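Me: Hi! I have a structure open and would like to go through it with you, one bit at a time. Could you help me read it?

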Amino acid sequence: MTRKWNYIPLSSHEQQQANALQPHPGDCKAVAELLLRRGVQSPEEAERFFSPAISDLHDPFLMPDMDKAVERLNKAMGAKEKIMVYGDYDVDGVTAVALVYKYLQNYYSNLEYYIPTRYEEGYGISRKSIDYAADAGVKLVIVLDCGIKAIDEIAYARSKGIDFIICDHHMPDEELPPAAAILNPKMPGSTYPCKHLSGCGVGFKFMQGFAMSNGLAGHNELESLLDLVAVSIAADIVPIEGENRVMAYHGLRRLNSNPNLGLRSIIRICKLTNKDITISDVIFKIGPRLNASGRMQSGIEAVDLLVTRDLHDAYEKGANIDQYNKDRKELDKRITDEANALIERNVNVVEGKRSIVICNRDWHKGIIGIVASRLTELYYKPAVVLTLSDGVATGSARSVQGFDIYAAVNSVRHLLENFGGHPYAVGLTLKEENVAEFAKLFEEYVAEHILPHQLEPHIEIDAEITFSQITPEFIASLRRFNPHGPGNQKPVFITRGVFDFGTSKLVGKNMEHIKLELEDNSTSRVINAIAFNMSQYFEHIHAHKPIDICYTLEPAKHQGRSDSVQLMIRDIRLSKPH
């Protein structure tokens with residue numbers, strides 16, 4: 001599939017702004033361009049961007065209902081009520097539960113935590129959990145990363161004398177649950193500056209508010225839990241900007257220096273010990289293992305891991321979760337292959353359509369979200385993957401860049417039993433007899449609202465540079481842009497008119513990749529590069545014909561120098577003659 005390169009050079013006005021961001025005339029202009037594209041417009045803002053401070057976090061009491069939430073928690077602790085910390089079974093939910101439980105444990109002992117099972121109770125607050133809480137004498141439930149739509153469930157809990165404090169970040173409906181307090185930066189009328197906190201981030205803000213109300217803000221117990229917030233931010237793919245950038249920055253430092261014991265065991269399993277752990281490592285290595293617990297067995301095992309205070313116990317629990325992840329990978333591959341085969345047999349599923357909706361009775365409920373993501377990447381269309389059980393279809397929806405899939409699912413909510421999520425990912429349930437009508441109406445909405453450019457993959461380019469600009473100083477400056485993620489993606493560069501040095505070769509099991517040594521006319525320096533699945537360009541490159549490349553700069557392996565880099569090529573084009 002051809003990818004569109006989106007690069008708009010700076011206007012003359014923007015160039016003047018970029019010049020003002022260069023403290024020294026000799027600094028690389030590309031660094032200033034990168035800052036400007038991230039909304040940084042002054043040297044002072046640049047310093048805050050490069051060195052986020054804990055003091056840059058917002059006042060938690062700017063969030064609606066924070067005063068009510070803190071007051072209800074203080075009342076519960078003062079009356080020695082039993083408190084349950086409740087959360088979703090994904091990474092965001094289990095890190096949120098672990099953070100709130102571990103923090104409150106410093107000051108209160110009448111606590112327990114609860115994670116619903118995906119297969120018996122499903123997403124959100126279950127009646128089974130409320131009955132359990134009532135039998136256990138729980139008077140207050142702090143629910144994290146879910147609950148914003150649990151109107152009937154929370155009303156049921158109130159009838160049993162149980163209050164709820166909701167800490168959620170999913171889109172609320174017009175009608176809200178009858179909770180003692182609702183903390184959600186997306187609440188109607190909310191002016192909270194950071195709208196896109198993770199569920200764990202909302203839990204952190206709640207604990208920050210609790211600490212301030214009790215004169216504990218100067219202590220560092222809460223800051224020591226930022227590694228959990230960083231993991232949630234990465235795994236839930238929330239924008240790494242503003243307050244999220246501050247928490248991710250300090251959380252990654254913690255993850256690299258003195259991580260939570262449970263995370264330490266996962267880091268060891270991932271072979272990341274003594275390495276510089278990045279957001280990408282969390283997304284592709286740490287997060288999937290924590291997620292596998294809730295997908296394959298029970299999310300409570302992930303919380304058990306994250307709250308343990310015994311290193312041997314952590315390593316034992318980490319090994320169990322790693323096995324779940326291996327099992328998850330096998331299921332993931334099988335179901336993805338089955339989904340692709342189903343589409344190939346029924347081409348009408350994708351041909352002439354702007355969306356994909358597929359259903360299979362035998363697919364594992366814990367894997368369908370991953371499969372939906374794979375289909376979206378492969379076909380570049382919003383995708384819904386459903387599985388059936390006892391007359392009910394359970395599904396996950398994933399979107400392409402820029403298209404609000406929450407709005408699309410919301411448009412057919414009259415056919416649904418339940419749904420929730422955000423613009424890029426939604427979970428839903430509906431009766432089996434409504435699946436065909438759902439697919440029809442969902443496609444109609446997508447076809448009417450999706451824009452043509454949203455249906456083609458594109459690469460956002462940050463700056464055009466030459467190889468002479470890739471200096472040790474430039475590489476050092478790029479490191480300061482970490483952590484990367486939505487809102488602050490790893491910078492992508494274009495270099496035009498690049499040639500093979502003469503030593504490039506095909507590599508890989510099927511010779512599908514190209515290992516390159518490249519040069520351009522700006523310098524005699526030769527730079528290493530790798531182009532995955534681009535063997536179709538090899539003959540042209542090997543013939544010493546020029547190409548244009550877009551790429552990210554990655555640390556080179558086995559070079560032994562901190563400034564050694566390799567180009568990770570995202571796309572190649574044949575150079576046009578000038």
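**A buried cysteine and what surrounds it**

Reply: Happy to! C200 counts as buried because its relative accessibility is 0%; buried means under 20% relative accessible area, exposed over 50%, and partly exposed in between (1.4 Å probe, protein chains only). Before we go on, this is a predicted model, where local features need pLDDT of at least 70, side-chain atom pairs count only at pLDDT 80 or more, and totals for chains, interfaces and linings use all residues. Residues are numbered from 1 along each chain as its sequence is written, and side-chain values use heavy atoms, with hydrogens and water left out.

Me: Thanks! How many disulfides are there?

Reply: The count is zero, taking a disulfide as a pair of cysteine sulfur atoms within 2.5 Å. For C200, the nearest cysteine sulfur belongs to C167 and is 10 Å away.

Me: And C550, buried or exposed?

Reply: C550 counts as buried, because its relative accessibility is 0%.

Me: OK, what does L99 touch?

Reply: Leaving out residues up to four places away in sequence, L99 touches C200, G203, F204, M207, L222, L225, L228 and V229. Contact here means heavy atoms within 4.5 Å.

Me: Which residues touch the most other members of the largest nonpolar core?

Reply: They are L73, L99, F206, I286 and I358, in a core of 95 residues. A nonpolar core is a set of buried Ala, Val, Leu, Ile, Met, Phe, Trp, Tyr and Cys residues joined through side-chain atoms within 4.5 Å. Helix α5 (residues 91-105) gives the most to this core, ten residues. Helices (H or I, at least four residues) and strands (E, at least two) are DSSP runs, numbered from the N terminus. There is also a second, separate core of 42 residues, which includes L21, C28, A30 and F49.

Me: Which residues are buried in helix α13?

Reply: In α13 (residues 300-307), the buried ones are A302, V303, L305, L306 and V307. The buried residues of α13 pack against α5, β3, α9 (226-235), α11 (261-269), α12 (279-296) and α14 (311-345).

Me: Switching to the sheet: what is the strand order?

Reply: Five strands make an open sheet, in the order β3-β2-β4-β5-β6, with parallel pairing. Two strands pair if DSSP finds at least two bridges between them. β3 (111-114) and β6 (181-183) are at the edges with a single partner strand each, so one side of each has no neighbour in the sheet. On average, neighbouring strands are turned by 20° against each other, direction ignored.

Me: What packs on the sheet?

Reply: Helix α6 (residues 127-135) does, touching β2 (82-87), β3, β4 (138-144) and β5. The direction of α6 makes about 165° with that of β3; axes are lines fitted to C-alpha atoms, for helices over the stretch in contact, and angles run from 0 to 180 degrees between N-to-C directions.

Me: How many bridges join β2 to β4?

Reply: Six bridges join these parallel strands, and Y86 stands opposite V143 in β4. V143 in turn stands opposite I166 in β5, with β4 and β5 pairing over five bridges. As for burial, six of the seven residues of β4 are buried.

Me: Where is S126?

Reply: S126 lies in the loop between β3 and α6. S126 counts as buried because its relative accessibility is 6%. Not counting residues up to four places away in sequence, S126 touches Y86 and E121.

Me: Last topic, aromatics! How many aromatic pairs are there?

Reply: The count is 13. Rings of Phe, Tyr and Trp (its six-membered ring) pair if their centres lie within 6.5 Å; planes under 30 degrees apart count as stacked, over 60 as edge-to-face and the rest as tilted. One of the pairs is F49 and F50, with centres 5.7 Å apart and planes at 70°, so the pair is edge-to-face. F50 and F481 have centres 5.2 Å apart and planes at 85°, so they are edge-to-face as well.

Me: Where do F50 and F481 sit in the chain?

Reply: F50 is in helix α3 (residues 43-50), and F481 is in the loop between α18 (472-479) and β14 (493-500), 431 residues apart.
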